[in-house]
Structures are given as C-alpha cells and as structure tokens.
Amino acid sequence: MTGNIDSALDHYAKAIAFCPNYAEAYNSQAVILLLRGNFAAAYEAARLATKLSPNCPMRFEAETTQTYAAFNLGQEEEALTLSRRLARLSHHSPLALLAAMTVFHHLGSEEEAKLVRSRMLSSGMEPRTNMVRTFPESAAEISDQITQAVAHYFN
C-alpha cells in the first residue's frame with residue numbers, strides 16, 4: 001500500500017509461510033514479482049495461484065499476470081493461449097482485456113487484438129496511453145508494451 005514493493009514481497013512471503021495454500025497470496029506475490037521484472041518467478045506464482053484455486057471467480061487476475069510473464073519470457077504460444085482465455089472469459093476486467101490485446105498486438109495477432117479492442121469499447125472501456133504512468137521503473141518493459149498497444153488501437 002505504501003509503494004514499497006520489496007516490503008510487499010516480504011509480507012507475501014510471510015503470508016505464504018503461514019498459509020501455503022492461500023492462492024491470493026501467491027497471486028499478489030506474482031503481481032509484485034512481475035512489476036520487479038522477475039518474470040519466471042511471477043509466472044510460477046501466478047500458475048500456482050490458479051492451481052490452488054481453479055474455480056475462483058477472480059482467477060483472471062492471476063492469469064493476467066501469467067500472460068504478461070509468459071510473453072516476457074518468450075513463451076509465445078503460452079502467452080497466446082492465455083490471452084485467448086482472457087479475451088474469452090474476462091468480460092468485465094479492463095486489465096485482463098488489456099493484457100490480451102497487448103500480447104495479441106505484439107505477437108502479430110491483429111484480428112484478435114481488434115476483437116478485444118471492440119469488446120473494450122462496447123463495454124465503455126477506453127484505455128489511455130498515460131494509464132501506466134504509476135508503474136515502477138522496474139516494470140518499464142511492460143509499461144512500454146502496454147503503451148504501444150494502447151497507442152496503436154486507441155489513439
């Protein structure tokens with residue numbers, strides 16, 4: 001909550017040590033790891049969160065993190081598979097749809113990216129290129145990827 005991501009990692013590690021089956025702790029840890037640029041650890045933490053709670057209605061949060069992590073690890077097929085799932089199932093999550101659109105854009109799946117854009121617009125979502133300005137410097141790579149996709153489809 002204070003913006004100190006190192007402190008957040010410590011708190012999530014303690015939560016996981018206390019309750020190793022707490023999927024939300026792994027999900028939150030995955031987001032922090034992603035923002036720090038530790039894509040491999042973020043991918044694994046997000047994967048474990050979805051494994052621990054496969055029927056959670058908020059599963060798309062962990063899958064969004066897993067999608068960005070897979071993409072940044074060069075796991076293109078996995079990133080596309082996850083993006084397709086997000087595009088199909090995440091009707092009300094701007095962040096999940098944005099992840100799908102970003103990955104589709106950067107991997108050349110233009111038609112899929114346009115479909116996600118249409119879904120976003122029809123539900124009233126219209127991302128702006130400055131929306132990621134609060135990302136920490138360690139997440140500059142993801143911030144740039146999102147900004148490029150938003151600029152391409154919304155400006």
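Reply: We begin with residue classes: Ala, Val, Leu, Ile, Met, Phe, Trp, Tyr, Cys and Pro count as nonpolar, Asp, Glu, Lys and Arg as charged, and the others, Gly among them, as polar. This is a predicted model, in which local features need pLDDT of at least 70 and side-chain atom pairs count only at pLDDT 80 or more, whereas totals for chains, interfaces and linings use all residues. Residues are numbered from 1 along each chain as its sequence is written, and side-chain values use heavy atoms, with hydrogens and water left out.

Me: How do the residues lining the largest pocket divide by class, and which of them lie nearest its centre?

Reply: A pocket is an open set of points on a 1 Å grid where a 1.4 Å probe fits, with protein on both sides within 12 Å along at least five of seven lines, and lining residues have an atom within 4 Å of a point. Here the largest pocket has a volume of about 440 Å³, a volume being the space filled by probe spheres set on the points. Its lining comprises 19 residues, and V31, T64, Y68, L95 and F135 lie nearest the centre; by class, 13 are nonpolar, four polar and two charged. At least two lining residues come from each of α2 (23-35), α4 (59-72), α6 (94-106) and α8 (140-154), helices being DSSP runs (H or I, at least four residues) numbered from the N terminus.

Me: At what angle do α1 and α2 cross, and which residues make the contact?

Reply: Two packed helices are described by the angle between their axes and the distance between the axes. Axes are lines fitted to C-alpha atoms over the stretch in contact, with angles from 0 to 180 degrees between N-to-C directions. The axes of α1 (residues 5-18) and α2 come within 9 Å and cross at roughly 155°, which makes α1 roughly antiparallel to α2 (over 145 degrees). On the α1 side the contact (heavy atoms within 4.5 Å) is made by I5, A8, L9, Y12, A15 and I16, and on the α2 side by A25, Y26, S28, Q29, I32 and L33. These residues divide into ten nonpolar, two polar and no charged. I5 of α1 also touches R36 and S138, besides I32.

Me: How do α2 and α4 cross, and what handedness does the crossing have?

Reply: A crossing is left-handed if the near helix is turned anticlockwise from the far one by less than a right angle, and right-handed if clockwise. α2 passes α4 in a left-handed crossing, at roughly 30° and with the axes within 9 Å. E24, N27, A30, V31 and L34 in α2 meet E61, A62, T65, Y68 and A69 in α4, a contact of six nonpolar, two polar and two charged residues.

Key. Parallel < 35°, antiparallel > 145°, perpendicular 65-115°, else oblique. Lists of a residue's contacts leave out its neighbours within four places in sequence.
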